[in-house]
Amino acid sequence: MLLNKSSFASTAVAVAAALLLVACGDSPDKLLASAKDYMAKNDTKAAVIQIKNVLQKQPDSAEARYLLGTALLASGDPSAAEIELQKARDLKYDDNQVVPKLAMALVQQGKARKVLDDFASVQLSSPSAVADLQTSLGGAYSATGNQQAAREALNKALAADPQNAVALLAKARYTLADQDVDGALAQVDALLARDPKNAEAWRFKGDLQQYVKRQPDEAVASYRKAIEAKPTDARGYFGLVGLLTRQGKLEDAEKELVSLRKIAAKHPETMYLDAQLSYAKRDFPKAREQAQELLRLAPSNPRALELSGGIELQRNALATAEEYLTKAVQAAPNLPMARRWLAMTYLRSGQPGKAQATLAPIVNDQTADPALLALAGEVQMMNGDARKAEELFARASKLDPEDGRKRTMLAVTQMASGQMEAGLEQLQDIAATDKGTSADMALISAYMRGNELDKALKALDGLAKKTPDNPAVGQLRSRVLLAKGDRDGARKSLEASLARSPNYFPSIASLAALDMQDQKPDEARKRFEELLKREPKSSRALVALAELRARDGGPNAAKEVTDLLNRAIAAEPTEPAPRVFLVDHLLRQQDAKQAVSVAQSALAALPDDLAILDAAGRAQLAAGDTNQGLTTLARVASLQPRVVAPLLRLADAQLAAKNASAAEQTLRKVWDLQPNNLDAFQRMIGIRLTQDRLPDAISLARTVQKQQPKQMAGFLLEGDARASKKDFDGAVAAYQNGLKAAPASPDLMVRLHSTLLQAGKAAEAARVADNWLQTQPKDVAVPLYLADRAMTDKRLDDAERYYLRIVKQQPNHALAYNNLAWISGELKRDAAVSYAEKANAIAPNQPAFMDTLATLLAARGDYAKAIELQTKVLKMQGSNDLFKLNMAKIYAQAGRKDEARKLLDELAQLGDKFAGQAEAAKLRATL
């Protein structure tokens, strides 16, 4: 007989009522037998009704408590199951029966530590019970980061019961964790061949097909098999409804959701899927209402926070979106959609640096999500890295080159392959016809990379028409104008950006940077102070003020920087940047103990934040707690299994701890991810050299040469390895071979010249240097090296010649002008002061450059100006003893002997800590 909704509901009620009526006259034993029958048929609801009838009559029935806990666990309610199973254990029910189920309920709730504390030492006698318990212990060990113990527990499980389905499924999960996808799939298929009604195995297969194999249709079939095997288990529906929603099959998803509601209407996952479906239907008011209801039930659930954040982002409620999404990422660092939405939130609110940091753990060389790569490209563009932006757009286009945004990526790919005109023409067409901004951003990026700045400005005009209220447009325009040398235009553009959005931080920070370049630090500080009046809890403004104060230097700078950063932490306790800055600041002050204390407080507040974990590891190492530091850095690496940077930092720490074996294992993990990673090769070669295994080091270097035959890296590595062992002839040969492969490599040339000198072949060194200068007239790196050597050797005329060559080639090379000024002063050239003024104009507020100018002004007799300038130098870097000595010299030249003596007396108190004591004493004797 066909039933409509009304008759179905009536029938369900009637069945339940019948069970209750029958139960009134049945004995507890019959009721328990009936419950077991229902459980064998996977009808856990009916089983629960029967068991509760027993407990009304016999509340202390250990078996009834055990069966109720088992039924609740099977129905997907581990929290309620834990309560009943614990009661069963308290009533002395057989541990072989109850302990494995109780451990499983705890694992499913994420109570890993309680599982280990309560059951790690429990001994069971039944092989199947041992296998079930050890499997749960393995899951708990894994959740706490102890992967070795997790695998040992799994081995114990399989040793106890080789055919245990739960253990075999866990084995398949570990196989997947080892990146053997096909192996995991084969293992789960073998399990299903023996047990085709194993719903958990079907769910795992569905997850594997959906998330790893990217086979959504096959995953749907597997989820349906899970539901068929266990129709009353809501978990099969969880995977199916979510996947159908993401596929855009919203009617199918709604149909399955109706069935799910009948089983578990108030389950948090059901509520989540309901809200997700409303979101997919773009019914944002309803989705928001549903998400808020879910958050009231589960306020810390990462996926609920993620969805709520996504909804707020759609509403453009950026502050609320950031709050939800930050909590989601902190609770579950590997939640990709939360990271993506959080990066988009940061991008819209003018925080591209945070957007980049947010995406860093999920965007790497293996990323195969074109939309994610495109977003990362936009983030890089806003951070000013046009080259990286183009690279990401190009990678995205190769993966999926179809719709408007993807057409943009395809155009970028054309340009990357050398078809510049065709690609630019495509971008211009898309930008003119598409309402989206991806093409505009890519077009601006391409023009900036090609130094076609007028065209970039024109493209920005088009972007401004599409997004007239977007303050980021003014920020981008200012970069282009600065590249053109139009500082006034850049200022006006930034001011126009702030007229649209007065609190837009990137534009405030850019104006402050211009102020600093114009030697107006007070105006720079004032900008951030004004922002703090409008936004008292702006940690970014406080951090910016701390950076300015640190740059100023002076006696109280360290304390004032610490105070500002502590204010930033208090203003935004969930913001990691001020905490990391404070740790680094304390480490620079050599206060490792306090740095560790700050890091521990940061970890208590943000236990899974990668930047804080990394800072904590560095602080622990600096404080001498090597083991804890290595453990922390290892955790950072484990939380980013596809990222090489934390692995390299861990390897460096292991090397510093003299554990070459551990470092070698870590470096091999880097190679598993990036077989061509040069940093890993360099470190591994270093290990081989410390082991006096030069042939092995050379073999590694030659592997790099084979991988990159037209690049300098492999030849540089071989030459450096040979040189470190005094094999100068071999090193010279390696560098020369490198120059044949990469003729324009300054690094190889510098190494070759230096090694020839070490080998006593000065004439040949001079010959190759002269040849380089003739064949590479635009290079400045080798002339800079030659100038530095000439200065060291007191060949000032030669140094002057090299520096003049450099500034002719690069008129804005501040360091070359500064050194040229010093040399000219030593050689009594009239141009000395003008060179120093040029260096300071190019790079304002650089204490070393200011010190040079002050010294030269004093030598010219302009003492008032020299003293004024050197006073600023000491205010910025009062701890620099050489600057104090130079100030004493200026005072002495100006006849202000008392001030000179005071500074020299301070230096004398330093004793051997100041290397210039002889010079200071000589000056003191003249006063």
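Visitor: Are Tyr817 and Tyr835 buried or exposed in this structure?

Guide: In this predicted model, both Tyr817 and Tyr835 are buried.

Visitor: What is the mean pLDDT of the protein, and where does pLDDT stay under 50?

Guide: The mean pLDDT is 84, and 92% of the residues reach 70 or more. Over residues 1–25, pLDDT stays under 50, and the model has 16 contacts beyond four places in sequence for them.

Visitor: Why does Leu116 count as buried?

Guide: The relative accessibility of Leu116 is 8%. Buried means under 20%, and Leu116 therefore counts as buried.

Visitor: Where does Leu116 lie, and which residues does Leu116 touch?

Guide: Leu116 belongs to helix 7, which covers residues 112–119. Not counting residues up to four places away in sequence, Leu116 touches Leu137, Ala140, Tyr141 and Thr144. As for Leu457, that residue is 341 residues from Leu116 along the chain, and 62 Å separate the two C-alpha atoms.

Visitor: What makes Asp274 buried?

Guide: Asp274 has a relative accessible area of 17%. The cut-off is under 20%, so Asp274 is buried. Asp274 is found in helix 16 (residues 268–280). Leaving aside neighbours within four places in sequence, the contacts of Asp274 are Leu257, Arg261 and Gln290.

Visitor: How many aromatic pairs does a search of the whole structure find?

Guide: The search finds six aromatic pairs.

Visitor: Why is the pair of Phe505 and Phe528 called tilted?

Guide: The ring centres of Phe505 and Phe528 are 5.9 Å apart, and the planes meet at 35°. A pair requires centres within 6.5 Å, and planes under 30 degrees apart would count as stacked, over 60 as edge-to-face.

Visitor: Which parts does the pair of Phe505 and Phe528 tie together?

Guide: Phe505 lies in helix 30 (residues 505–517) and Phe528 in helix 31 (residues 521–534), so the pair ties together parts that are 23 residues apart in sequence. Phe505 has a relative accessible area of 13% and is buried. Phe528, at 4%, is buried as well.

Visitor: What makes the pair of Tyr817 and Tyr835 tilted?

Guide: The centres of the Tyr817 and Tyr835 rings lie 6.2 Å apart and their planes stand at 40°, so this pair is tilted. Tyr817 is in helix 48 (residues 814–826) and Tyr835 in helix 49 (residues 832–842), and the pair links these distant parts of the chain, 18 residues apart.

Visitor: How do you know that the charged end of Arg303 sits over the ring of Tyr272?

Guide: The charged end of Arg303 is 4.0 Å from the centre of the Tyr272 ring. The distance limit is within 6 Å, with a further condition of within 35 degrees of the ring normal. The charged end of Arg801 sits over the ring of Tyr802, 4.8 Å from its centre.

Visitor: What span is expected of helix 51, and which of its residues are buried?

Guide: Helix 51 (residues 863–876) has 14 residues and reaches 20 Å from its first C-alpha to its last, close to the 20 Å expected at 1.5 Å a residue. Its buried residues are Ala866, Ile867, Leu869, Gln870, Val873, Leu874 and Met876. These pack against helix 32 (539–552), helix 50 (847–859) and helix 52 (881–893).

Definitions and conventions
Residues are numbered from 1 along each chain as its sequence is written. This is a predicted model: local features need pLDDT of at least 70, side-chain atom pairs count only at pLDDT 80 or more; totals for chains, interfaces and linings use all residues. Side-chain values use heavy atoms; hydrogens and water are left out. Helices (H or I, at least four residues) and strands (E, at least two) are DSSP runs, numbered from the N terminus. Buried means under 20% relative accessible area, exposed over 50%, partly exposed in between (1.4 Å probe, protein chains only). Contact means heavy atoms within 4.5 Å. The expected span of a helix is 1.5 Å times one less than its number of residues. pLDDT is the predictor's confidence in each residue, from 0 to 100.
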